[in-house]
Amino acid sequence: MDAIDAAKKPFLLTRSLSYHHTFHRRARDSSLPFWKTLADDNPNVSNSNIGVVIYTTSLRSIRRTHADCCAVRAIFRGLRVAVDERDVSIHAAFRHELQTMIGSKSRPVALPQVFVRGKHIGGAEEVRRLHEAGEMGRLLEGVLGQDPAFVCGGCGGVRFVPCGNCRGSRKVFVEEEGRMRRCEDCNENGLVRCAGCFNFSFN
């Protein structure tokens, strides 16, 4: 890897995640339009109007997964809607959250996975199909809009920043105990969510 490629990567990650397995969705009624047969019976997914949430990964170890994430991101950017992108390679809690919502805790899940207003749309194939059929606009009616050129000044679009409490080291000194302890403010990579980005939640 040369210096230029290394500079393009937002963070150095300590774990390698594999999400290339295919997630098999339930059988659909072929007599109905595709957008009317989307899964809407998952009790873990809220039905509130929270906009668009995309679970992605910034890891490039699996080329097809990286390409699919980029393609889906570009589709929603072109539709000028606000997106809460959740990178499972930066924050492990997103991975567990996704596996819980689609009922697949014991096996990897193909990325990206998209939710609109809490409803599971599917992966790259389903998003492309909806977009090409002109049905995506119907699903996105009423969701928050956003200038596709917008880039958060706090995190540069990464959605996370180094923890201000431990400076990203994941450890803080506790004077009362006279020792270092795990910082409780940040995740496993010493990061916290950027306060300047959209902060949607399924809870």
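**Legends to close-up views of a predicted model**

**View 1. The end of helix 4 and the residue that follows.** Just after helix 4, G134 adopts a positive phi of about 75 degrees. Helices (H or I, at least four residues) and strands (E, at least two) are DSSP runs, numbered from the N terminus. The model is predicted: local features need pLDDT of at least 70 and side-chain atom pairs count only at pLDDT 80 or more, while totals for chains, interfaces and linings use all residues. Residues are numbered from 1 along each chain as its sequence is written, and side-chain values use heavy atoms, with hydrogens and water left out.

View 2. The buried residues of helix 4 are A124, E126, V127 and L130. Because they cover an arc of only 165 degrees around the axis, they lie on the same side of helix 4; the arc is that of the directions from the helix axis to the C-beta atoms. Buried means under 20% relative accessible area, exposed over 50%, and partly exposed in between (1.4 Å probe, protein chains only). The exposed residues E125 and E132 are carried by the face of helix 4 turned away from its buried side. The buried residues of helix 4 pack against helix 2, strand 3, strand 4 (119–122) and helix 5.

**View 3. The largest nonpolar core.** This core has 17 residues, of which V52, F76, V114, V127 and L140 touch the most other members. Two or more residues each come from strand 1 (52–56), helix 2 (63–78), strand 3 (113–116), helix 4 (124–132) and helix 5 (136–139). Another core, of 14 residues, lies apart from it and includes M101, I102, L111 and F160. A nonpolar core is a set of buried Ala, Val, Leu, Ile, Met, Phe, Trp, Tyr and Cys residues joined through side-chain atoms within 4.5 Å.

**View 4. The surroundings of L140.** Not counting residues up to four places away in sequence, L140 touches V52, F76, L79, V81, V116 and R117. Contact means heavy atoms within 4.5 Å.

View 5. The structure holds 0 disulfides, a disulfide being a pair of cysteine sulfur atoms within 2.5 Å. The closest cysteine sulfur to that of C166 is in C186, at 3.7 Å, which is too far for a bond. C166 counts as buried because its relative accessibility is 6%. C155, at 12% relative accessibility, also counts as buried.
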